[in-house]
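Open the model in your viewer and colour it by chain.

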Amino acid sequence: MHSFIGRFFRSFRPYMSRYVRLVQTVLIFIGLFGSITTSHAEVRPRINVGIQPLVIGPLYIAIKEKYFDQLGIDVNLVKFTSGPAQFAALAGGQIDLAWGGLGGFLLAKANGQDLNFVSVLMDYNPLEALVVPANSPIASVKDLAGRKVGLVTGSNAHYGITKAMRANGMGKGSVTLLGMPPPQQIAALNSGDIDAAYSWEPFLTPLYANNARTLLTSSGWAYLGWAGKHDWLQKNSDLVVKLLQGWNMGLDRMQKDPELAIRYTLEFTGMDPNQARAIFKGAGYFPAGVALNPEHPAYWAKGSALNCHMHSFLAFGREEGLVKNIGDLDVDGYVVTKFMLAAEGQTTPHLQAPITCKEEK
Amino acid sequence: MSTHTLEIQGVGRSFRSGQGGELIQALRNINLTVHPSEIVSIVGPSGCGKSTLLRMVAGFDQPSEGEILLDKKRIFDPGADRGIVFQTPQLYPWLNVFDNVIFGPKKRGVSKESYVSDAERYIASVGLKGFEHHYPYQLSGGMRQRLQIARVLINEPAILLMDEPFGALDYQTRLDMQRLLLELCERYRPTVLFITHDIEEAVFISDRIHVMGARPGRVLESLQVDLPRPRIYEEVAASEAFMRMKLRVLNLLRH
Amino acid sequence: MNTISANPWRYRLISVTAVGVVLGAWILLSITSQLDPNKFPPVQAIWSALDELLSRGYSGHSFLEQVGASVKRAMAGFGLAVLIGVPVGIGLGNRSLNAVAGPFLTFMRPIPPIALIPLFTFYFGIGETSKVALIFMTSFLYMTVSAASGVKSVPQDLILASRSLGLNSRQIFFSVIIPAASAHILTGMRIALTLAWALVVAAELIAAQVGLGFMIMDATTFYRIPIVFIGILTIGLIGLLLDSLLLIVEKRVLHWRGRQS
């Protein structure tokens, strides 16, 4: 037995140097791989939040100025370059909260993901626009008849143009709506493959740089904030509240020191400084409790303007076949107020007698 | 090395052509004996089964009928007692000349001092002295064949099997190799079974020639080559005895 | 005098000149503002973008970190593919093993890796595992083929000759078959490395936070074409470097192949 093993290993010897070198190189690769995946022990509770690269000033400030550390939580920022990838990660549990628009997450909820929106934090309406190239003969929405418009299917933009077409008495097929991701819209508009694009920042800056003209901007429905799975939210209430409190602290700081928002945006994203500045100017930032304020356009209660927009967004989703058409969905309960209340230190919301929304024609 | 006898008794080999095809008899009733230190050639046209026969002696294949005995023991598997030299030298391209030659004994567990000195001796006797560190790709066709021979001889096989070993070489090199083979045989006195279709080659080197016919493969006649040794090509090739032997073989092969 | 035509330096000079001409044309067009920055960035834009990348990095990581992250992923996937793929490929020489594993491997081979991204994201998450797994899978499938064909390419007569030298099956496997197959295996490794590197951009579509592929995709979002260009050029250069490194290794280990292809 001994001699067998001895001869077995001895038979390797002439090839030892060559193969040992090979195995060594491979082992180094494995080692590097291993080093990537080692994780550090967690001290504070961690919350994984997904964002797409935007000028989310208060959030970046709160992270960099360590407000979240002070509040006792560890916010892990996970960047996504596309909406679908972010949705998938939220669905899979790889992120706990996702930053995005009210409408998009509502459609996801209608498709079976039990999501809630926890707070309205940014006004993106002025930063979403339907644009045409500088030399285009198109002057209004009516002129789009028979033309091609690029947009992201199911987005605020899609909702916006559908509303605008209906308001102008244009039938459903009168304008060709082509679904494509924002970078492709830029290329297609530049090359003339589409006549107009309905997009949002940061994708509008390159178009404006080419003197694109705005036909209309979103108004009333393009608000951004955090969405998460219902079950996770229930179990991690205090983490959510601290996230919102951190946001408020970041917002305060930002109002005193706006340059900080730009600086940190450049560190968290690959944005160009001028682009970041232009977007920053147009965006509106709110404290966590703004949806509790009946005076505010982003007020959320049954029958409020924003609430009605969301009802009509869901109807739009159903008509376009973007959601499974099963029964009723609790739109009113989609945005939950308890986290906002806790963050603002309030106990009961201002109540308003429930109003039903006007039916859109 | 020179005390071994090979006996091929009543050997036949049949193959089935394709799936469920007919039985083809490649060899029928082959009987021949190779005595110790004899050089025996098998000459025949292509397809007469001479290579098949050699491969069965090597142990790569089994006869359908009859037996092959080495020193009265049946042959089943390949082994170092039956060294084989292929027409295309089957060398280890990643090993140099020296390492190729010592490969056999080393793998069989022979002591290092023993195989190193043997290797030097055999490398010198095949005329590759000074090329020990060359790799096969750096050698000419003739040199590669010499290397193959040295690699087999170092194992001191009971019988040396050669399958048209010089067939791929040019005329001059072939003569050189035949000369080398005779020198080696004179020095080490191995028992040799040699396959060729070159009649002159067979007559020049052999003690005995078995002439085979094809379809089915069988021994037509066995001839004793009574030319005296040592045989110098320039003297022997023009002699009458050589010519006569050559014509006899030719006639047998003609019909 | 007639050996000049066989001089390799002559051809190297021609190559350098060709690249120089193209570069020169690009510089000329840039200086004279002939290039549309939306379609093809002028040299000045590339230069300032490069300067920014080297000094400020991109999206919170230095340029070196971006490059390093991608290289690490590719090497990890490639390394695993070789370590696991070569034994599996050799094992496929066994008829029963081949009958069991063969159908699955053959089926998976033509599937484009990009199509697997959603599945891999679900199964392996959005961390390093999913990216390395994607790269591993493609390289692995290729290495098994290389190794298997390497083993098959060993001439039957060489094995028979080895038996006639007195070797047993185990000795033949380790001392004859594996060295003989090593030529195929090393060539396969070079191609597997190219595959692994080419896949890095695709793998980084899985929510990468850092890396050359991430940088390219992210910069596209902001329409920063010069950065996209730099990313692509860097990927090409590193791919070239990696291949050259392996070529050197191959030449040394396989020195005995001589000048035959």
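At what angle do helix α6 and helix α8 of chain C pack, and how far apart are their axes? To see this in the predicted model, select residues 128–152 of chain C for α6 and residues 169–203 of chain C for α8. The two helices pack at an angle of about 155°, and their axes are 8 Å apart. Angles over 145 degrees count as roughly antiparallel, so α6(C) is roughly antiparallel to α8(C).

The crossing of α6(C) and α8(C) is right-handed. Now show the side chains where α6(C) meets α8(C): the contact residues comprise 17 nonpolar, seven polar and one charged.

Next, show whole chains. Two pairs of chains touch, and the pair with the most contacts is chains A and C. Then display chain A with chain B: no contact joins them, and their closest C-alpha atoms lie 8 Å apart.

For the last stop, select chain B and chain C. Here 20 residues of chain B are in contact with 17 residues of chain C. Which elements of chain B each supply at least two residues of the side that touches chain C? Select 82–85 for β6 and 97–108 for α2, both in chain B. Of these, α2(B) gives the largest share of that side, with four residues.

Terms used. Residues numbered from 1 in each chain as written. Chains lettered and ligands numbered in written order. Predicted model: local features only at pLDDT ≥ 70, side-chain atom pairs only at ≥ 80, totals over all residues. Axes fitted to C-alpha atoms, helices over the stretch in contact; angles between N-to-C directions. Parallel < 35°, antiparallel > 145°, perpendicular 65-115°, else oblique. Left-handed = near helix turned anticlockwise from the far one by under 90°. Nonpolar A, V, L, I, M, F, W, Y, C, P; charged D, E, K, R; others polar. Contact = placed C-beta atoms within 7 Å.
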